[in-house]
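Subject: Structure handover

Hello,

Here is the structure for your own work. My notes on what turned up in it follow below.

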Amino acid sequence: MTAGSSVTVHIDAPPEQVYDLVADVTRMGEWSPECVRCEWKDGPPGTVGATFRGHNKQSFFKWSTTAKVIAAERGQEFAFATQSGDKDSTVWRYRFVAADGGTDVTESYEAVYVPAYIRWAEKYVIRNRPSQLEQGMRTTLEKVKAVAEAT
(Lines give C-alpha, C1' and ligand atoms only; values in the text may rest on other atoms or scores of the structure.)
Protein backbone atom coordinates (compact mmCIF):
# COMPACT_ATOMS: atom_id res chain seq x y z
CA MET A 1 0.00 0.00 0.00
CA THR A 2 1.25 3.45 -0.76
CA ALA A 3 1.88 5.80 2.12
CA GLY A 4 -1.31 7.72 1.41
CA SER A 5 -3.34 9.94 -0.84
CA SER A 6 -6.18 12.46 -0.79
CA VAL A 7 -9.13 13.68 -2.85
CA THR A 8 -10.92 17.04 -2.54
CA VAL A 9 -14.48 17.77 -3.71
CA HIS A 10 -16.41 21.04 -3.41
CA ILE A 11 -19.89 20.66 -1.89
CA ASP A 12 -22.50 23.42 -1.96
CA ALA A 13 -23.45 23.04 1.70
CA PRO A 14 -22.07 24.42 4.99
CA PRO A 15 -19.13 22.62 6.62
CA GLU A 16 -21.22 21.58 9.66
CA GLN A 17 -23.84 19.90 7.45
CA VAL A 18 -21.22 17.98 5.46
CA TYR A 19 -19.39 17.03 8.66
CA ASP A 20 -22.61 15.64 10.18
CA LEU A 21 -23.08 13.35 7.17
CA VAL A 22 -19.51 12.03 7.20
CA ALA A 23 -19.19 11.69 10.98
CA ASP A 24 -22.29 9.47 11.10
CA VAL A 25 -20.30 6.34 10.26
CA THR A 26 -23.49 4.26 10.31
CA ARG A 27 -24.21 5.86 6.91
CA MET A 28 -20.79 5.04 5.39
CA GLY A 29 -22.26 2.08 3.52
CA GLU A 30 -24.37 4.60 1.55
CA TRP A 31 -21.31 6.52 0.37
CA SER A 32 -18.40 4.11 0.07
CA PRO A 33 -17.97 1.59 -2.74
CA GLU A 34 -15.97 -0.64 -0.37
CA CYS A 35 -17.50 -0.19 3.09
CA VAL A 36 -20.76 -2.10 3.34
CA ARG A 37 -21.78 -0.89 6.82
CA CYS A 38 -20.52 0.34 10.18
CA GLU A 39 -21.83 0.20 13.71
CA TRP A 40 -20.68 1.97 16.84
CA LYS A 41 -19.11 -0.26 19.50
CA ASP A 42 -17.80 1.68 22.49
CA GLY A 43 -17.96 5.27 23.68
CA PRO A 44 -20.31 8.08 22.70
CA PRO A 45 -20.77 7.91 18.88
CA GLY A 46 -18.72 10.44 16.94
CA THR A 47 -16.46 11.47 19.81
CA VAL A 48 -12.70 11.11 20.18
CA GLY A 49 -11.95 7.67 21.59
CA ALA A 50 -15.21 6.07 20.41
CA THR A 51 -14.81 2.87 18.41
CA PHE A 52 -16.81 1.35 15.59
CA ARG A 53 -16.73 -1.76 13.46
CA GLY A 54 -16.59 -1.41 9.68
CA HIS A 55 -17.54 -4.22 7.29
CA ASN A 56 -15.95 -4.08 3.85
CA LYS A 57 -16.14 -5.86 0.53
CA GLN A 58 -13.82 -5.62 -2.48
CA SER A 59 -14.45 -8.08 -5.28
CA PHE A 60 -14.81 -11.46 -3.57
CA PHE A 61 -12.88 -10.37 -0.43
CA LYS A 62 -14.80 -9.50 2.73
CA TRP A 63 -13.29 -8.23 5.95
CA SER A 64 -14.11 -6.23 9.06
CA THR A 65 -12.01 -3.79 11.02
CA THR A 66 -12.30 -1.93 14.26
CA ALA A 67 -11.61 1.80 14.09
CA LYS A 68 -11.06 4.46 16.74
CA VAL A 69 -12.10 8.10 16.33
CA ILE A 70 -9.00 10.29 16.72
CA ALA A 71 -10.40 13.72 15.72
CA ALA A 72 -13.94 15.07 15.95
CA GLU A 73 -14.19 18.84 15.47
CA ARG A 74 -17.61 19.60 13.98
CA GLY A 75 -17.31 21.45 10.70
CA GLN A 76 -13.52 21.14 10.66
CA GLU A 77 -12.17 17.60 10.91
CA PHE A 78 -13.28 14.02 11.47
CA ALA A 79 -10.67 11.25 11.55
CA PHE A 80 -10.34 7.65 12.60
CA ALA A 81 -7.62 5.02 12.67
CA THR A 82 -8.29 1.41 11.76
CA GLN A 83 -6.69 -0.97 14.21
CA SER A 84 -4.41 -3.95 13.64
CA GLY A 85 -4.11 -5.56 17.04
CA ASP A 86 -3.07 -2.73 19.33
CA LYS A 87 -1.57 -0.58 16.51
CA ASP A 88 -3.08 2.10 14.33
CA SER A 89 -3.06 0.71 10.80
CA THR A 90 -4.60 3.27 8.44
CA VAL A 91 -5.65 6.80 9.37
CA TRP A 92 -8.66 8.10 7.43
CA ARG A 93 -9.20 11.85 7.67
CA TYR A 94 -11.89 14.25 6.45
CA ARG A 95 -11.16 17.99 6.53
CA PHE A 96 -13.84 20.60 5.93
CA VAL A 97 -12.97 24.13 4.75
CA ALA A 98 -15.56 26.83 4.03
CA ALA A 99 -15.07 27.96 0.41
CA ASP A 100 -17.15 29.74 -2.23
CA GLY A 101 -20.36 29.58 -0.20
CA GLY A 102 -19.94 25.85 0.47
CA THR A 103 -17.31 23.40 1.65
CA ASP A 104 -14.14 21.97 0.20
CA VAL A 105 -13.98 18.53 1.80
CA THR A 106 -10.80 16.48 1.59
CA GLU A 107 -10.75 12.78 2.33
CA SER A 108 -7.32 11.25 2.86
CA TYR A 109 -5.70 8.11 4.10
CA GLU A 110 -2.26 7.37 5.48
CA ALA A 111 -0.94 3.85 5.87
CA VAL A 112 0.73 3.95 9.27
CA TYR A 113 1.30 0.23 9.81
CA VAL A 114 0.66 -2.41 7.14
CA PRO A 115 0.67 -6.01 8.40
CA ALA A 116 2.61 -8.55 6.33
CA TYR A 117 -0.53 -10.40 5.16
CA ILE A 118 -1.95 -7.16 3.71
CA ARG A 119 1.34 -6.34 1.96
CA TRP A 120 1.30 -9.86 0.47
CA ALA A 121 -2.33 -9.54 -0.68
CA GLU A 122 -1.70 -6.14 -2.26
CA LYS A 123 1.35 -7.48 -4.08
CA TYR A 124 -0.13 -10.73 -5.38
CA VAL A 125 -3.93 -10.53 -5.24
CA ILE A 126 -5.31 -6.98 -5.08
CA ARG A 127 -3.81 -5.05 -7.97
CA ASN A 128 -3.66 -1.25 -8.23
CA ARG A 129 -4.76 -0.76 -4.63
CA PRO A 130 -3.71 2.92 -4.48
CA SER A 131 -5.83 3.66 -7.57
CA GLN A 132 -8.77 1.74 -6.08
CA LEU A 133 -8.54 3.76 -2.87
CA GLU A 134 -8.36 7.09 -4.70
CA GLN A 135 -11.36 6.21 -6.85
CA GLY A 136 -13.19 5.02 -3.74
CA MET A 137 -12.54 8.33 -1.97
CA ARG A 138 -13.82 10.27 -5.00
CA THR A 139 -16.95 8.09 -5.21
CA THR A 140 -17.56 8.50 -1.47
CA LEU A 141 -17.29 12.28 -1.59
CA GLU A 142 -19.45 12.57 -4.72
CA LYS A 143 -22.20 10.58 -2.99
CA VAL A 144 -21.95 12.74 0.13
CA LYS A 145 -22.12 15.79 -2.17
CA ALA A 146 -25.31 14.52 -3.84
CA VAL A 147 -27.06 14.04 -0.48
CA ALA A 148 -25.77 17.29 1.08
CA GLU A 149 -26.79 19.39 -1.93
CA ALA A 150 -30.23 17.76 -2.14
CA THR A 151 -31.18 18.87 1.39
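I start with a cysteine: Cys-38 is buried, at 9% relative accessibility. Over the whole structure the search returns 0 disulfides. Please keep in mind that this is a predicted model, and that the values below are computed from it.

Overall layout

The protein chain has 151 residues, 44% of them buried. Its secondary structure amounts to 4 helices and 7 strands, in the order β-α-α-β-β-β-β-β-β-α-α along the sequence. Of the contacts with a separation of 6 or more, 48% are between residues 24 or more positions apart. The accessible surface is about 7,900 Å², and carbon and sulfur atoms contribute 51% of that.

Strand pairing

Strand S5 (residues 77–84) runs antiparallel to strand S6 (residues 87–99), with 7 bridges between them. In this pairing Phe-80 sits opposite Trp-92 of S6. The two strands make a hairpin with 2 residues between them, and Gly-85 in the turn has a positive phi of about 65°.

S6 also pairs with strand S7 (residues 102–111), again in the antiparallel sense, over 10 bridges. Here Val-97 is opposite Asp-104 in S7. S6 and S7 likewise form a hairpin with 2 residues between them; in its turn, Asp-100 has a positive phi of about 50°.

Aromatic residues

There are 7 aromatic pairs in the structure. One of them joins Trp-40 and Phe-52 in an edge-to-face arrangement, with 5.3 Å between the centres and 75° between the planes. Trp-40 belongs to strand S2 (residues 35–42) and Phe-52 to strand S3 (residues 51–58), so this pair links distant parts of the chain, 12 residues apart. Trp-40 and Phe-52 are both buried.

Phe-52 also pairs edge-to-face with Phe-80, at 5.1 Å centre to centre and 75° between the planes. Since Phe-52 is in strand S3 and Phe-80 in strand S5, the pair ties together parts that are 28 residues apart in sequence. Phe-80 is buried, as is Phe-52. Ring pairs join Tyr-19, Trp-40, Phe-52, Phe-78, Phe-80 and Phe-96 into a cluster.

Trp-63 is in strand S4 (residues 61–73). Is Trp-63 buried or partly exposed? Its relative accessible area is 30%, so Trp-63 counts as partly exposed. Beyond its neighbours within four places in sequence, Trp-63 has contacts that include Glu-34, His-55, Gln-58 and Arg-129. The C-alpha atoms of Trp-63 and Cys-35 are 9.5 Å apart, with 28 residues separating the two in sequence.

Salt bridges

Side chains of opposite charge can pair when their charged atoms come close. How many salt bridges does a search of the whole structure find? The search finds 6 salt bridges.

- Asp-20 and Arg-74 meet at 2.6 Å, N to O. Asp-20 is in helix H1 (residues 15–23) and Arg-74 in the loop between S4 and S5, 54 residues apart. Asp-20 is partly exposed, with a relative accessible area of 36%.
- Arg-27 and Glu-30 form a salt bridge at 2.9 Å, N to O. Arg-27 is partly exposed at a relative accessible area of 24%, and Glu-30 is partly exposed at 42% relative accessibility.
- Glu-149 and Lys-145 meet at 3.0 Å, N to O. Both lie in helix H4 (residues 129–150), 4 residues apart, or about one turn of the helix. Glu-149 is partly exposed, at 34% relative accessibility.
- Glu-77, Arg-93 and Arg-95 are connected in a network of salt bridges.

Regards

Methods
Residues are numbered from 1 along each chain as its sequence is written. This is a predicted model: local features need pLDDT of at least 70, side-chain atom pairs count only at pLDDT 80 or more; totals for chains, interfaces and linings use all residues. Side-chain values use heavy atoms; hydrogens and water are left out. Buried means under 20% relative accessible area, exposed over 50%, partly exposed in between (1.4 Å probe, protein chains only). Contact means heavy atoms within 4.5 Å. Accessible areas come from the Shrake-Rupley method with a 1.4 Å probe; for residues, only the protein chains shown count as cover. Two strands pair if DSSP finds at least two bridges between them. A disulfide is a pair of cysteine sulfur atoms within 2.5 Å. Rings of Phe, Tyr and Trp (its six-membered ring) pair if their centres lie within 6.5 Å; planes under 30 degrees apart count as stacked, over 60 as edge-to-face and the rest as tilted. A salt bridge is a side-chain nitrogen of Lys or Arg within 4 Å of a carboxyl oxygen of Asp or Glu.
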